[in-house]
2 protein chains.
Amino acid sequence: MYTVQQVSKMMNISAHTLRYYDNEGLFPFVSRSAGSGARVFSDDDLQWVYTVQCFRMTDMPLADIKHYIDLCVKGDETIAERYEIIKKQSGIASKELDIMQERVKMLEKKVDYYKALLDGTEGEDYWNPIYLKLMRCLAD
Amino acid sequence: MYTVQQVSKMMNISAHTLRYYDNEGLFPFVSRSAGSGARVFSDDDLQWVYTVQCFRMTDMPLADIKHYIDLCVKGDETIAERYEIIKKQSGIASKELDIMQERVKMLEKKVDYYKALLDGTEGEDYWNPIYLKLMRCLAD
DNA sequence: CGCGGATTTGGAGTTACTCTAAGTCAAGCG
DNA sequence: CGCTTGACTTAGAGTAACTCCAAATCCGCG
(Lines give C-alpha, C1' and ligand atoms only; values in the text may rest on other atoms or scores of the structure.)
Protein backbone atom coordinates (compact mmCIF):
# COMPACT_ATOMS: atom_id res chain seq x y z
CA MET A 1 0.00 0.00 0.00
CA TYR A 2 1.31 3.42 -0.96
CA THR A 3 0.57 7.08 -0.21
CA VAL A 4 0.09 9.68 -2.91
CA GLN A 5 3.66 10.81 -2.32
CA GLN A 6 5.13 7.34 -2.77
CA VAL A 7 3.18 6.71 -5.96
CA SER A 8 4.28 10.13 -7.17
CA LYS A 9 7.94 9.16 -6.85
CA MET A 10 7.51 5.63 -8.16
CA MET A 11 5.54 6.56 -11.24
CA ASN A 12 7.18 9.90 -11.92
CA ILE A 13 4.00 11.97 -11.76
CA SER A 14 3.21 14.85 -9.42
CA ALA A 15 1.12 14.25 -6.29
CA HIS A 16 -1.10 17.13 -7.40
CA THR A 17 -1.83 15.42 -10.68
CA LEU A 18 -2.57 12.09 -8.97
CA ARG A 19 -5.17 13.76 -6.75
CA TYR A 20 -6.56 15.62 -9.74
CA TYR A 21 -6.90 12.36 -11.70
CA ASP A 22 -8.58 10.70 -8.73
CA ASN A 23 -11.04 13.57 -8.36
CA GLU A 24 -11.86 13.21 -12.06
CA GLY A 25 -12.75 9.57 -11.41
CA LEU A 26 -9.77 8.04 -13.20
CA PHE A 27 -8.85 5.78 -10.26
CA PRO A 28 -12.10 4.06 -9.35
CA PHE A 29 -10.63 1.70 -6.77
CA VAL A 30 -8.31 3.85 -4.67
CA SER A 31 -9.35 3.48 -1.02
CA ARG A 32 -8.94 5.83 1.93
CA SER A 33 -7.25 5.50 5.31
CA ALA A 34 -9.51 5.15 8.36
CA GLY A 35 -8.58 8.29 10.28
CA SER A 36 -7.66 11.12 7.96
CA GLY A 37 -9.15 9.84 4.73
CA ALA A 38 -5.78 9.87 2.99
CA ARG A 39 -5.62 8.06 -0.35
CA VAL A 40 -4.20 4.54 -0.21
CA PHE A 41 -2.93 3.03 -3.47
CA SER A 42 -2.67 -0.74 -3.87
CA ASP A 43 -0.38 -2.53 -6.34
CA ASP A 44 -3.38 -2.96 -8.62
CA ASP A 45 -4.02 0.78 -8.50
CA LEU A 46 -0.52 1.33 -9.91
CA GLN A 47 -1.72 -0.46 -13.01
CA TRP A 48 -4.47 2.13 -13.41
CA VAL A 49 -1.98 4.94 -12.97
CA TYR A 50 0.23 3.43 -15.65
CA THR A 51 -2.71 2.91 -17.98
CA VAL A 52 -3.66 6.57 -17.69
CA GLN A 53 -0.06 7.55 -18.39
CA CYS A 54 -0.02 5.36 -21.51
CA PHE A 55 -3.15 7.04 -22.81
CA ARG A 56 -2.12 10.58 -21.85
CA MET A 57 1.20 10.12 -23.63
CA THR A 58 -0.45 10.97 -26.94
CA ASP A 59 -2.65 13.72 -25.50
CA MET A 60 -5.76 11.59 -25.33
CA PRO A 61 -8.31 13.80 -23.49
CA LEU A 62 -9.02 12.93 -19.85
CA ALA A 63 -12.71 12.67 -20.70
CA ASP A 64 -11.96 9.88 -23.21
CA ILE A 65 -9.72 8.10 -20.71
CA LYS A 66 -12.47 8.34 -18.13
CA HIS A 67 -14.87 6.81 -20.62
CA TYR A 68 -12.50 3.87 -21.08
CA ILE A 69 -12.15 3.38 -17.33
CA ASP A 70 -15.90 3.52 -16.86
CA LEU A 71 -16.16 0.76 -19.45
CA CYS A 72 -13.65 -1.33 -17.50
CA VAL A 73 -15.69 -0.91 -14.33
CA LYS A 74 -18.90 -1.86 -16.12
CA GLY A 75 -17.68 -5.37 -16.90
CA ASP A 76 -17.20 -7.90 -19.65
CA GLU A 77 -19.92 -6.70 -22.01
CA THR A 78 -17.76 -3.66 -22.82
CA ILE A 79 -14.71 -5.60 -24.00
CA ALA A 80 -15.38 -5.06 -27.70
CA GLU A 81 -15.57 -1.29 -27.30
CA ARG A 82 -12.48 -1.25 -25.10
CA TYR A 83 -10.61 -3.21 -27.74
CA GLU A 84 -11.47 -0.62 -30.39
CA ILE A 85 -10.32 2.23 -28.15
CA ILE A 86 -7.00 0.61 -27.32
CA LYS A 87 -6.35 -0.44 -30.91
CA LYS A 88 -6.95 3.09 -32.14
CA GLN A 89 -4.83 4.65 -29.42
CA SER A 90 -2.06 2.13 -29.94
CA GLY A 91 -1.94 3.11 -33.62
CA ILE A 92 -1.77 6.81 -32.77
CA ALA A 93 0.95 6.16 -30.20
CA SER A 94 3.03 4.11 -32.60
CA LYS A 95 2.89 6.90 -35.22
CA GLU A 96 3.81 9.50 -32.60
CA LEU A 97 6.72 7.34 -31.57
CA ASP A 98 8.08 7.38 -35.13
CA ILE A 99 7.81 11.16 -35.27
CA MET A 100 9.48 11.47 -31.90
CA GLN A 101 12.33 9.26 -33.05
CA GLU A 102 12.96 11.55 -36.03
CA ARG A 103 12.94 14.62 -33.84
CA VAL A 104 15.26 13.16 -31.24
CA LYS A 105 17.67 12.26 -34.04
CA MET A 106 17.45 15.85 -35.25
CA LEU A 107 18.27 17.19 -31.80
CA GLU A 108 21.27 14.88 -31.59
CA LYS A 109 22.50 16.09 -34.98
CA LYS A 110 22.14 19.63 -33.71
CA VAL A 111 24.21 18.80 -30.63
CA ASP A 112 26.97 17.33 -32.81
CA TYR A 113 26.88 20.36 -35.08
CA TYR A 114 27.25 22.82 -32.23
CA LYS A 115 29.94 20.75 -30.58
CA ALA A 116 31.97 20.82 -33.79
CA LEU A 117 31.45 24.58 -34.03
CA LEU A 118 32.76 25.07 -30.51
CA ASP A 119 35.74 22.80 -31.16
CA GLY A 120 36.52 24.99 -34.14
CA THR A 121 36.41 21.98 -36.45
CA GLU A 122 33.50 23.36 -38.48
CA GLY A 123 30.94 20.53 -38.51
CA GLU A 124 29.01 19.58 -41.63
CA ASP A 125 25.67 21.18 -42.34
CA TYR A 126 23.08 19.00 -40.63
CA TRP A 127 20.03 20.52 -42.21
CA ASN A 128 19.86 19.31 -45.81
CA PRO A 129 19.83 15.53 -45.31
CA ILE A 130 17.46 15.78 -42.36
CA TYR A 131 15.24 18.21 -44.20
CA LEU A 132 14.70 15.70 -46.99
CA LYS A 133 13.96 12.95 -44.53
CA LEU A 134 11.53 15.18 -42.74
CA MET A 135 9.60 16.03 -45.86
CA ARG A 136 9.40 12.39 -46.82
CA CYS A 137 8.28 11.50 -43.35
CA LEU A 138 5.56 14.11 -43.24
CA ALA A 139 4.28 13.62 -46.78
CA ASP A 140 1.97 10.75 -45.83
CA MET B 1 6.98 30.24 -50.45
CA TYR B 2 4.05 28.88 -48.46
CA THR B 3 0.91 30.19 -46.77
CA VAL B 4 0.01 29.34 -43.19
CA GLN B 5 -2.41 26.73 -44.52
CA GLN B 6 0.21 25.00 -46.65
CA VAL B 7 2.73 24.90 -43.83
CA SER B 8 -0.01 23.58 -41.57
CA LYS B 9 -0.54 20.58 -43.86
CA MET B 10 3.14 20.00 -44.58
CA MET B 11 4.30 20.10 -40.97
CA ASN B 12 1.21 18.57 -39.39
CA ILE B 13 0.46 21.50 -37.08
CA SER B 14 -2.68 23.60 -36.97
CA ALA B 15 -2.78 26.99 -38.73
CA HIS B 16 -4.03 28.47 -35.46
CA THR B 17 -0.97 27.27 -33.63
CA LEU B 18 1.37 28.57 -36.34
CA ARG B 19 -0.11 32.07 -36.02
CA TYR B 20 0.04 31.79 -32.25
CA TYR B 21 3.72 30.82 -32.38
CA ASP B 22 4.45 33.67 -34.78
CA ASN B 23 2.69 36.16 -32.50
CA GLU B 24 4.84 34.88 -29.62
CA GLY B 25 7.93 35.72 -31.66
CA LEU B 26 8.98 32.13 -32.38
CA PHE B 27 9.34 32.73 -36.14
CA PRO B 28 11.53 35.83 -36.38
CA PHE B 29 11.94 35.75 -40.15
CA VAL B 30 8.46 35.04 -41.51
CA SER B 31 7.65 37.85 -43.99
CA ARG B 32 4.30 39.23 -45.07
CA SER B 33 2.62 39.61 -48.45
CA ALA B 34 2.46 43.13 -49.89
CA GLY B 35 -1.31 43.72 -49.98
CA SER B 36 -3.06 41.88 -47.18
CA GLY B 37 -0.12 41.27 -44.86
CA ALA B 38 -0.61 37.49 -45.01
CA ARG B 39 2.23 35.40 -43.58
CA VAL B 40 4.67 34.01 -46.14
CA PHE B 41 6.88 31.08 -45.06
CA SER B 42 10.13 30.38 -46.87
CA ASP B 43 11.90 27.01 -46.94
CA ASP B 44 14.22 28.32 -44.24
CA ASP B 45 11.22 29.20 -42.08
CA LEU B 46 10.16 25.54 -42.21
CA GLN B 47 13.39 24.78 -40.38
CA TRP B 48 12.30 27.11 -37.57
CA VAL B 49 8.91 25.44 -37.42
CA TYR B 50 10.56 22.04 -37.15
CA THR B 51 12.96 23.28 -34.51
CA VAL B 52 10.07 24.52 -32.39
CA GLN B 53 8.34 21.16 -32.84
CA CYS B 54 11.47 19.33 -31.70
CA PHE B 55 11.64 21.43 -28.56
CA ARG B 56 7.91 21.32 -27.83
CA MET B 57 7.92 17.54 -28.11
CA THR B 58 9.12 17.25 -24.52
CA ASP B 59 6.93 20.11 -23.23
CA MET B 60 9.72 22.67 -23.18
CA PRO B 61 7.93 25.96 -22.35
CA LEU B 62 7.39 28.38 -25.22
CA ALA B 63 9.21 31.06 -23.20
CA ASP B 64 12.35 28.90 -23.14
CA ILE B 65 12.07 28.17 -26.85
CA LYS B 66 11.71 31.88 -27.49
CA HIS B 67 14.86 32.47 -25.48
CA TYR B 68 16.73 30.01 -27.68
CA ILE B 69 15.45 31.64 -30.85
CA ASP B 70 16.40 35.08 -29.59
CA LEU B 71 19.91 33.72 -29.03
CA CYS B 72 20.01 32.45 -32.61
CA VAL B 73 19.01 35.88 -33.90
CA LYS B 74 21.63 37.59 -31.76
CA GLY B 75 24.52 35.90 -33.54
CA ASP B 76 27.64 33.84 -33.05
CA GLU B 77 28.54 35.00 -29.54
CA THR B 78 25.58 32.99 -28.21
CA ILE B 79 26.69 29.63 -29.63
CA ALA B 80 28.01 28.29 -26.32
CA GLU B 81 24.72 28.97 -24.54
CA ARG B 82 22.72 27.49 -27.42
CA TYR B 83 24.86 24.36 -27.27
CA GLU B 84 24.07 23.90 -23.58
CA ILE B 85 20.34 24.32 -24.21
CA ILE B 86 20.26 21.83 -27.06
CA LYS B 87 22.41 19.30 -25.22
CA LYS B 88 20.16 19.43 -22.18
CA GLN B 89 16.99 19.20 -24.24
CA SER B 90 18.39 16.38 -26.32
CA GLY B 91 19.05 14.41 -23.13
CA ILE B 92 15.53 15.00 -21.86
CA ALA B 93 14.08 14.01 -25.23
CA SER B 94 16.10 10.82 -25.38
CA LYS B 95 14.89 9.77 -21.92
CA GLU B 96 11.30 10.59 -22.85
CA LEU B 97 11.70 8.50 -25.97
CA ASP B 98 12.68 5.48 -23.87
CA ILE B 99 9.62 5.93 -21.65
CA MET B 100 7.39 6.33 -24.68
CA GLN B 101 8.77 3.14 -26.19
CA GLU B 102 7.86 1.21 -23.01
CA ARG B 103 4.36 2.62 -23.02
CA VAL B 104 3.74 1.93 -26.69
CA LYS B 105 4.85 -1.64 -26.08
CA MET B 106 2.38 -1.84 -23.20
CA LEU B 107 -0.46 -0.59 -25.40
CA GLU B 108 0.41 -3.20 -28.02
CA LYS B 109 0.37 -5.94 -25.38
CA LYS B 110 -3.03 -4.69 -24.31
CA VAL B 111 -4.29 -4.86 -27.90
CA ASP B 112 -3.07 -8.46 -28.20
CA TYR B 113 -4.67 -9.38 -24.90
CA TYR B 114 -8.06 -7.96 -25.86
CA LYS B 115 -7.89 -9.52 -29.31
CA ALA B 116 -7.30 -12.94 -27.74
CA LEU B 117 -10.19 -12.34 -25.36
CA LEU B 118 -12.52 -11.54 -28.27
CA ASP B 119 -11.33 -14.57 -30.23
CA GLY B 120 -12.21 -16.64 -27.19
CA THR B 121 -8.67 -18.01 -27.00
CA GLU B 122 -8.06 -16.49 -23.58
CA GLY B 123 -4.76 -14.56 -23.94
CA GLU B 124 -2.03 -14.70 -21.33
CA ASP B 125 -1.95 -12.12 -18.57
CA TYR B 126 0.06 -9.19 -19.88
CA TRP B 127 0.43 -7.29 -16.66
CA ASN B 128 2.98 -9.13 -14.54
CA PRO B 129 5.99 -9.15 -16.90
CA ILE B 130 5.40 -5.57 -17.98
CA TYR B 131 4.85 -4.48 -14.41
CA LEU B 132 8.30 -5.69 -13.41
CA LYS B 133 9.87 -4.00 -16.40
CA LEU B 134 8.07 -0.79 -15.52
CA MET B 135 9.30 -0.76 -11.97
CA ARG B 136 12.84 -1.38 -13.11
CA CYS B 137 12.55 1.35 -15.73
CA LEU B 138 11.21 3.94 -13.32
CA ALA B 139 13.50 3.12 -10.42
CA ASP B 140 16.33 5.39 -11.64
C1' DC C 1 -18.39 45.25 -59.29
C1' DG C 2 -19.68 41.77 -56.31
C1' DC C 3 -19.01 37.29 -54.33
C1' DG C 4 -16.48 33.31 -52.27
C1' DG C 5 -12.70 31.92 -49.93
C1' DA C 6 -8.65 32.72 -47.40
C1' DT C 7 -6.35 35.74 -44.54
C1' DT C 8 -5.87 39.06 -40.68
C1' DT C 9 -6.73 40.65 -35.70
C1' DG C 10 -8.30 40.74 -30.83
C1' DG C 11 -10.31 38.40 -27.50
C1' DA C 12 -13.03 34.73 -25.25
C1' DG C 13 -13.13 29.76 -23.98
C1' DT C 14 -11.03 25.08 -22.83
C1' DT C 15 -8.00 21.54 -21.11
C1' DA C 16 -4.94 19.92 -18.00
C1' DC C 17 -2.55 20.90 -14.95
C1' DT C 18 -0.28 23.74 -10.96
C1' DC C 19 -0.33 26.12 -7.02
C1' DT C 20 -2.20 28.38 -2.70
C1' DA C 21 -4.76 28.58 1.49
C1' DA C 22 -6.97 26.76 5.21
C1' DG C 23 -7.84 22.98 7.71
C1' DT C 24 -7.28 17.81 9.63
C1' DC C 25 -4.72 14.12 11.42
C1' DA C 26 -0.82 11.09 13.35
C1' DA C 27 3.80 10.54 15.16
C1' DG C 28 7.64 12.09 17.95
C1' DC C 29 9.40 14.54 21.92
C1' DG C 30 10.10 17.23 26.46
C1' DC D 1 -0.38 15.87 27.88
C1' DG D 2 0.39 19.44 24.76
C1' DC D 3 3.23 21.15 21.04
C1' DT D 4 5.48 20.92 16.70
C1' DT D 5 6.30 18.92 12.35
C1' DG D 6 4.98 17.10 8.29
C1' DA D 7 1.98 14.81 5.13
C1' DC D 8 -2.56 14.64 4.04
C1' DT D 9 -7.31 16.76 2.83
C1' DT D 10 -10.41 20.25 0.23
C1' DA D 11 -11.94 24.20 -2.59
C1' DG D 12 -10.70 27.34 -5.52
C1' DA D 13 -7.56 30.59 -7.98
C1' DG D 14 -3.93 30.88 -11.51
C1' DT D 15 -1.34 29.45 -15.72
C1' DA D 16 0.33 27.58 -20.27
C1' DA D 17 -0.78 26.37 -24.56
C1' DC D 18 -3.73 25.98 -27.35
C1' DT D 19 -8.50 26.44 -29.73
C1' DC D 20 -12.07 28.76 -31.41
C1' DC D 21 -14.94 32.77 -32.75
C1' DA D 22 -16.28 37.28 -34.81
C1' DA D 23 -15.41 41.03 -37.55
C1' DA D 24 -12.56 43.14 -40.89
C1' DT D 25 -9.64 42.98 -44.94
C1' DC D 26 -7.92 41.37 -49.27
C1' DC D 27 -7.37 38.55 -53.74
C1' DG D 28 -8.92 36.36 -57.86
C1' DC D 29 -12.73 35.10 -60.83
C1' DG D 30 -17.12 35.65 -63.64
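Guide: Gladly. Let us start with A:Asn12, which counts as exposed because it has 12 C-beta neighbours inside 10 Å, and the cut-off for exposed is 12 or fewer. Please keep in mind that this is a predicted model.

A:Asn12 sits in the loop between helix 1 and helix 2 of chain A. Its backbone deserves a look too: phi of A:Asn12 is positive, about 60 degrees, although the residue is not a glycine. Most residues other than glycine have a negative phi.

Now turn to the other chain. B:Asn12 lies in the loop between helix 1 and helix 2 of chain B. Its phi is near 55 degrees, again a positive value in a residue other than glycine. B:Asn12 is exposed, because 12 other C-beta atoms lie within 10 Å. For a distance to check in your own viewer, take B:Asn12 and B:Thr51: they are 39 residues apart along the chain, and their C-alpha atoms are separated by 14 Å.

Helix 1 (4-11) and helix 2 (15-23) of chain A each supply at least two residues of the surface near DNA strand D, as do helix 2 (15-23) and helix 4 (62-74) of chain B. Helix 2 of chain B gives the largest share of that surface, three residues. In total 19 residues lie around DNA strand D, and those that come nearest are A:Thr3, A:Ala38, A:Arg39, B:Gly35 and B:Ser36. By class, the surface near DNA strand D has eight nonpolar, eight polar and three charged residues.

DNA strand C is surrounded by 17 residues, of which A:Gly35, A:Ser36, A:Pro61, B:Gln5 and B:Arg39 are the closest. Two or more residues of this surface come from each of helix 2 and helix 4 (62-74) of chain A and helix 1 of chain B. Here the largest share, three residues, belongs to helix 2 of chain A. The surface near DNA strand C divides into six nonpolar, eight polar and three charged residues.

How are the two chains related? A rotation of 180 degrees, with 0.0 Å of shift along its axis, superposes chain B on chain A with an RMSD of 0.1 Å. That is the relation of a two-fold axis. The same surface serves both copies, since 100% of the contact residues of chain B recur in chain A. Among the residues of chain B, B:Leu97 comes closest to the rotation axis, with its C-alpha at 3.8 Å.

In chain A, helix 5 has 41 residues (residues 79-119), which should span 60 Å at 1.5 Å a residue; its end C-alpha atoms are 58 Å apart, which agrees. Helix 5 of chain B also has 41 residues and reaches 58 Å from its first C-alpha to its last, close to the expected 60 Å. The buried residues of helix 5 of chain A include A:Ile86, A:Ala93, A:Val104 and A:Leu107, but also A:Arg82, A:Arg103 and A:Lys110. In helix 5 of chain B, B:Met100, B:Arg103 and B:Tyr114 are among the buried residues.

Of the contacts in chain A with a separation of 6 or more, 45% join residues 24 or more positions apart.

Technical notes
Residues numbered from 1 in each chain as written. Chains lettered and ligands numbered in written order. Predicted model: local features only at pLDDT ≥ 70, side-chain atom pairs only at ≥ 80, totals over all residues. Near = placed C-beta within 6 Å. Helix = DSSP H or I, 4+ residues; strand = E, 2+ residues; numbered from the N terminus. Nonpolar A, V, L, I, M, F, W, Y, C, P; charged D, E, K, R; others polar. Least-squares fit on C-alpha atoms with pLDDT ≥ 70 in both. Contact = placed C-beta atoms within 7 Å. Expected span 1.5 Å × (residues − 1). Buried ≥ 20, exposed ≤ 12 C-beta atoms within 10 Å, placed from the backbone.
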